[in-house]
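Subject: Structure for your files

Hello,

Please find the structure below. My notes on a cavity search and on one strand follow it.

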Amino acid sequence: MRDTSDLGNMKDAIMSAIIDLATEHKDVCMLEADLMTCLGSTGFKKQFPERFFNCGIAEANMVGVAAGLSSMGFVPFADSFGVFSSRRAYDQFFLSVNYAKQRVHLIGTDPGVTAQVNGGTHMPFEDIALMRQIPDLIILDPSDGQSCYELIRQAYESGHSSYIRAGRRGITHRYPVGTKIELGKGIVLQDGTDVAIFATGETMVNEAVKALDILKAAGISAALIDLHTVKPLDTELIEKYAKKTGHILVCENGRYAGGVGEGIAYHLAKTCPTKMDFVNVGERFGEVGNLSYLIKTFGFTAEDIAEKAKGLL
């Protein structure tokens, strides 16, 4: 187990996990779509040149090549910006990889508003909705470097394909090495009895953490759960807090339709009908801006989250 507290960016956590896996397992290989400097995969290329493939700016082809490598016994990790990994290569990932029962770990970086100045054309608000349609696929949206590192390793060990959604720039050091981080099991960051906030990904969990102080000052006991695994959902934990609080707020850096909030609402509608609300981008396209501007523009701030939670009560 590697301690990621010395890393400066999430891309370093991603590459540390992949390089460590490649060191331990000769079946691990990596594919790029001409974005080596963006993710830092040059380190993998230097250590394992015979297991590294730059497919050029052709993401669909890259995923097709990854499927072929999987059929020959390799376990490929393939990456691009999330908007390209999800939308541009979706048919190949759906059919050539998952339908064909191959094993590929697809990384989508710069999810949602974290694409920042690359603008709306590079903001995948619908990647989770697309990936949730693929049977038995693991979907990860980690909130810090340590969980990102450990969940990637666990995805490899699962024997399933996965879609890993994570930023590149900056990094949060939330969990010390040794913290129990388990694929498919949400992490309770704070217990509470009035409302339960389920947040996914670094941006939303960070803002939700700050919202806890606002809610506490208002006399509201809020629970916060880091839902780092989008699929499979931790339905046991979701039901527990639905029954405990009677109020669920879901925060995601993406669209509601087909997203995490819809998945939770669907499950609770069958098992434990609960009063809910959602923080997401709604019916909007992305736009250019730095992260602080975009968080305010799309209603992702701690204050926005706190107001939604208060509104539920």
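On a 1 Å grid over the protein atoms alone, a cavity is a set of points where a 1.4 Å probe fits but cannot get out, and its lining residues have an atom within 4 Å of a point. Grid points are joined across faces, edges and corners, and a volume is the space filled by probe spheres set on the points.

This is a predicted model, in which local features need pLDDT of at least 70, side-chain atom pairs count only at pLDDT 80 or more, and totals for chains, interfaces and linings use all residues. Residues are numbered from 1 along each chain as its sequence is written, and side-chain values use heavy atoms, without hydrogens and water.

Searching the whole structure gives 1 cavity of 30 Å³ or more. The volume of the largest cavity is about 30 Å³. Its lining consists of Phe-125, Ile-128, Asp-141, Arg-165, Thr-200, Glu-252, Asn-253, Gly-254, Arg-255 and Gly-259. By class, the lining has 2 nonpolar, 4 polar and 4 charged residues; Asp, Glu, Lys and Arg count as charged, and Gly is among the polar ones.

Strands are DSSP runs (E, at least two residues), numbered from the N terminus. In a regular strand the side chains alternate between the two faces of the sheet. In β1, Val-28, Met-30 and Glu-32 lie on one side and Cys-29 and Leu-31 on the other, all buried.

Strands pair if DSSP finds at least two bridges between them. β1 runs parallel to β3 (residues 75–81), with 5 bridges, and Cys-29 has Pro-76 as its bridge partner there. β1 also runs parallel to β2 (residues 52–54), with 3 bridges; Met-30 is partnered by Phe-52.

Regards

Definitions and conventions
On a 1 Å grid over the protein atoms alone, a cavity is a set of points where a 1.4 Å probe fits but cannot get out, and a pocket is an open set with protein on both sides within 12 Å along at least five of seven lines; lining residues have an atom within 4 Å of a point. Buried means under 20% relative accessible area, exposed over 50%, partly exposed in between (1.4 Å probe, protein chains only). Helices (H or I, at least four residues) and strands (E, at least two) are DSSP runs, numbered from the N terminus.
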